[in-house]
Amino acid sequence: MTEPNDHAPISVQTSQDETVPVTAVAGEIDMSTADLVRDEVHARLAAKPDVLVLDLSAVEFIGSAGVHLLVHSQMEAEDHGTRLAVVVPEQSFASRVLRTAGVHQMLDLHTDLPSAMSTR
């Protein structure tokens, strides 16, 4: 778990909602912070849950390193037999970036947490 500060403008926290781990990210995902998110997602996927929810609702910026992180996390989840549900609000910066990059089609995107949780 990390908290935002002047050196790492990001927070990465995982909680358990019933039996589903939910990793919430807030702040900026860029080349200086993507490893923090990747390490947390990798640790959660190592437990091979049926579903892992990655909540990006509070992400204010996502760069190419963040896009790469999501693609890699999706592939890793598939290798573990885990469904990776990604929460990205429809009108958010992250949503626009993922659609522009064309990776929205390969991700299980949801506009809110209840939607991601309801499709287990």
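Contact here means heavy atoms within 4.5 Å. Keep that in mind, as the word comes up a lot below.

This is a predicted model, where local features need pLDDT of at least 70, side-chain atom pairs count only at pLDDT 80 or more, and totals for chains, interfaces and linings use all residues. Residues are numbered from 1 along each chain as its sequence is written, and side-chain values use heavy atoms, with hydrogens and water left out.

**The sheet**

Helices (H or I, at least four residues) and strands (E, at least two) are DSSP runs, numbered from the N terminus. Two strands pair if DSSP finds at least two bridges between them.

Let's start with the strands. Five of them make an open sheet in the order E1-E2-E3-E4-E5, and the pairing is mixed. E1 (10-17) and E5 sit at the edges with a single partner strand each, so one side of each has no neighbour in the sheet. From one strand to the next, the twist averages 25°. Angles like this run from 0 to 180 degrees between N-to-C directions, and axes are lines fitted to C-alpha atoms, for helices over the stretch in contact.

Strands of a sheet pair through backbone hydrogen bonds, either parallel or antiparallel. Which sense do E3 and E4 (residues 83-87) use? They pair in the parallel sense, over five bridges. Val53 is part of this picture, with Ala85 in E4 as its bridge partner.

**Leu109, out in E5**

Leu109 belongs to strand E5 (residues 108-110). Leaving aside neighbours within four places in sequence, what is Leu109 in contact with? The list is Val86, Val88, Leu98 and His104. Val86 is 23 residues from Leu109 along the chain, yet their C-alpha atoms are separated by 4.9 Å.

For accessibility, buried means under 20% relative accessible area, exposed means over 50%, and partly exposed is in between (1.4 Å probe, protein chains only). Leu109 has a relative accessible area of 26%, so it is partly exposed.

Helix H2 (residues 64-80) lies across E2, E3 and E4, and runs at about 175° to E3.

Two packed helices are described by the angle between their axes and the distance between the axes. For H1 and H2, the axes come within 10 Å and cross at roughly 10°. Angles under 35 degrees count as roughly parallel, over 145 as roughly antiparallel, 65 to 115 as roughly perpendicular and the rest as oblique. H1 and H2 are therefore roughly parallel to each other.

Who meets whom? On the H1 side there are Ala34, Val37, Arg38, Val41, His42, Leu45 and Ala46, and they meet Ala65, Leu69, Ser73, Glu76, Ala77 and His80 in H2. By class, this contact has eight nonpolar, three polar and two charged residues. In that count, Ala, Val, Leu, Ile, Met, Phe, Trp, Tyr, Cys and Pro are nonpolar, Asp, Glu, Lys and Arg are charged, and the others, Gly among them, are polar.

Take Ser73, which is in helix H2. Is Ser73 buried or exposed? Its relative accessible area is 1%, so Ser73 is buried. Not counting residues up to four places away in sequence, Ser73 touches Val41, Leu45 and Leu84.

Lys48 counts as exposed, at 52% relative accessibility. Its phi is near 55°, a positive value in a residue other than glycine.

**Salt bridges**

A salt bridge is a side-chain nitrogen of Lys or Arg within 4 Å of a carboxyl oxygen of Asp or Glu. How many does the whole structure have? The search finds four salt bridges, including these:

| Pair | N to O distance |
|---|---|
| Asp39 and Arg38 | 2.6 Å |
| Arg44 and Glu40 | 2.8 Å |
| Arg83 and Asp108 | 2.5 Å |

Arg83 lies in strand E4 and Asp108 in strand E5, so this pair ties together parts that are 25 residues apart in sequence. Arg83 is partly exposed at 22%, and Asp108 is partly exposed at 25%.

Arg44 and Glu40 are both in helix H1, four residues apart, about one turn of the helix. Arg44 counts as partly exposed at 33% relative accessibility, while Glu40 counts as buried at 12%.

Asp39 is partly exposed at 42%, and so is Arg38 at 33%. Together with Asp35, Arg38 and Asp39 are linked in a network of salt bridges.
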